[in-house]
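Subject: Structure for you to look at

Hello,

Here is the structure that I said I would pass on. Please open it and keep it in view while you read the notes below.

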Amino acid sequence: MSAPKYAALFLAESREHLAGCDRLLLTWERSPDAAEPVHGLFRAVHNIKGMAATMGYGPVADLAHRTENLLDALRSGQVSASADVIQLLFRAVDALRAGVEAVGAGVIPVAPADLTDALDTAAADRPLAAPAPEKSGHKDKEPPDQTAPHPPQTLRTVAFRIRPGASMRGARAIVALKRAETLGSVSAIVPPPAALERDDFDGRVVFQLESVAVDEIIADTLRAAADVATVEIGAATATAAQPAPATTARGRHIRVDLARLDAMMKQVGELTVARNRLVELARGADPTLFELSARIARLVSDLQNEVLASRMTPVGEAFERFPRLVRDLARDLGKRIRLDLEGEEIELDRAVLDELVEPLMHLVRNAADHGLETPAAREAAGKPPEGRLLIAASRERRTVAIRVSDDGRGIDRAAVLARAKRDGLADPAADTLSDELLLRVLARPGFSTAQEVTGLSGRGVGVEVALGRVRALGGTLEVRSEPGRGTVWTLRVPLTLAIVRALLAEAGGERYAVPLSFVAETVEFDPQAVTAIRQREALVVRERVIPTVHLRDLVAVHTDSRPPRRPTIILEVGERRTALVVDALLGQQDLVIEPFDAPRGLPAYVGGATILADGAPALILDAAALV
């Protein structure tokens, strides 16, 4: 059972069960009298124990077994739930997670001795004179106790079905059959094992089992194996081994390694560049060639959309780790914090989502440590003792905005300004900090207003990491803060990193690309609408004053001749706008962002590079830097 595909299945399944354990423990901690969380925890840990034992991961199975003993005592009422017991279960789940990741990396895990002793002690704290026998806690991969009373060895027909919608149904069914073999002799498997890996396998398996085990043990053993939804046990008959036909259609799913999707995305990117070049060469050529190039362009576009869709992942997969994080932070800081999550169904490219986890963790830690007050301080300020932390995702045109907000004390701008002046980061004559300057100051390496160094303090470090990671994704980070009312951090990132839709512009004979996700509109530059704001040129567009940036001046075009008509691109990043004045607009194009080593001194407004349809390179402008 050590085949790589089964090891990968064990790792994926265990991670899902452990994430569920975190959610159930959080629910149980809020509602100690609820019965469902402890039953759900028992099932999840029991499944992990069964899978680990089947795979031969003894240390993980042993720790899960000890945790299961405590949960069994809790659900039977022999041990009462207390804050210490729940905290012990949190520790056990963390240790199981570390053990699962260790075996996934090929390392033999070792559970802390104090934890295993604590689990055994807590499980034994029951009013009975002697420990009650386990209902389904027989050691995995061992035959039933031959000395205990049991029914005679009998032949039964057993049917089970893998949970509808589960991936890798064949692998799960094989794991369940291997578990059944620990109870007795398995025969007459329908469909045969060779057919379990076929795409049309519906998840239902029927077999005959000759065993001394009672029905309850058989059912528990199968359910502990690999996401078995239902188990049916009956007498053997000549026709019972025929699987029931599926009566409802359902989507089929498979697990795909992200590295394979990355490789597919890279190839689709190259195909997109070739498509653009083909369309360019076919213009004005033979009509048959032009028609063929148009058809190929449509097919490549459809393929590109399908590959992009296969990489899209709900942001809820990244959000699900924060309830546990916030719970632990509140406990360590002596605060009461309620976490709310919104927009979990919004989808992002998996590669983008993975890169966002670390910035979000920094911002959540900062909000809990620096932003939210203690219950006593909140009550003194006329606030409820429980602080609120919100992580919300929303779609904004071609980008996704993720906001991390709290209703705490807000950022002390006076303290930040004083520290910035002392460190030479702000003008000594400045008396206020705008939101933009506040972000730049907080993001300076090592900048912090914390009075003492702790495991969490150091806002400047967290903001520096968050800003750097988000900018590397082609996104933006903004901060809004009001004293006494809280702080809102907003991360805006593109839906995908691989292929972007861009507007091509020209300045001084060179072509540049501007991502459409940050283009609000295009207008003509009207000299009569020119005004000034804060001693710099601005353009009045629909009664709104927008600062201008001339691309020719930005890239230092050394010529006095300017075209008579100057198109202007209105860039919008959050609530801020800038008018980018160019020489000409050349249309839109799907562009593949090409990786390159940025030379030293590369201007901040350069966000990447690409290859255009005619094979020439072009720079991609960073809208956030221009704004």
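Leaving out neighbours within four places in sequence, Leu222 is in contact with Val158, Phe160, Ala176, Ala180, Phe207, Val228 and Val231; contact means heavy atoms within 4.5 Å. This is a predicted model, in which local features need pLDDT of at least 70 and side-chain atom pairs count only at pLDDT 80 or more, while totals for chains, interfaces and linings use all residues. Residues are numbered from 1 along each chain as its sequence is written, and side-chain values use heavy atoms, with hydrogens and water left out.

Leu222 belongs to the largest nonpolar core, which has 69 residues. A nonpolar core is a set of buried Ala, Val, Leu, Ile, Met, Phe, Trp, Tyr and Cys residues joined through side-chain atoms within 4.5 Å. Buried means under 20% relative accessible area, exposed over 50%, and partly exposed in between (1.4 Å probe, protein chains only). Leu70, Leu74, Phe160, Phe207 and Leu222 touch the most other members of this core. Helix H4 (residues 83-104) contributes the most to the core, with eleven residues. Helices (H or I, at least four residues) and strands (E, at least two) are DSSP runs, numbered from the N terminus. Another core, of 51 residues, lies apart from this one and includes Ala318, Leu325, Leu339 and Ala367.

Two aromatic pairs turn up in a search of the whole structure. One of them is Phe160 with Phe207, edge-to-face, at 6.1 Å centre to centre and 65 degrees between the planes. Rings of Phe, Tyr and Trp (its six-membered ring) pair if their centres lie within 6.5 Å; planes under 30 degrees apart count as stacked, over 60 as edge-to-face and the rest as tilted. The pair joins distant parts of the chain, with Phe160 in strand E1 (residues 154-162) and Phe207 in strand E3 (residues 204-211), 47 residues apart. Phe160 counts as buried because its relative accessibility is 0%. Phe207 is buried too, at 1%.

Now to helix H9. Is Ala297 buried or exposed? Ala297, which is found in helix H9, has a relative accessible area of 16% and is therefore buried. Not counting residues up to four places away in sequence, Ala297 touches Arg275 and Val279. Ala297 and Leu278 are 19 residues apart in sequence and 8.5 Å apart in space, C-alpha to C-alpha. Ile296 is in helix H9 (residues 287-311) as well, but Ile296 is partly exposed, at 32%.

Regards
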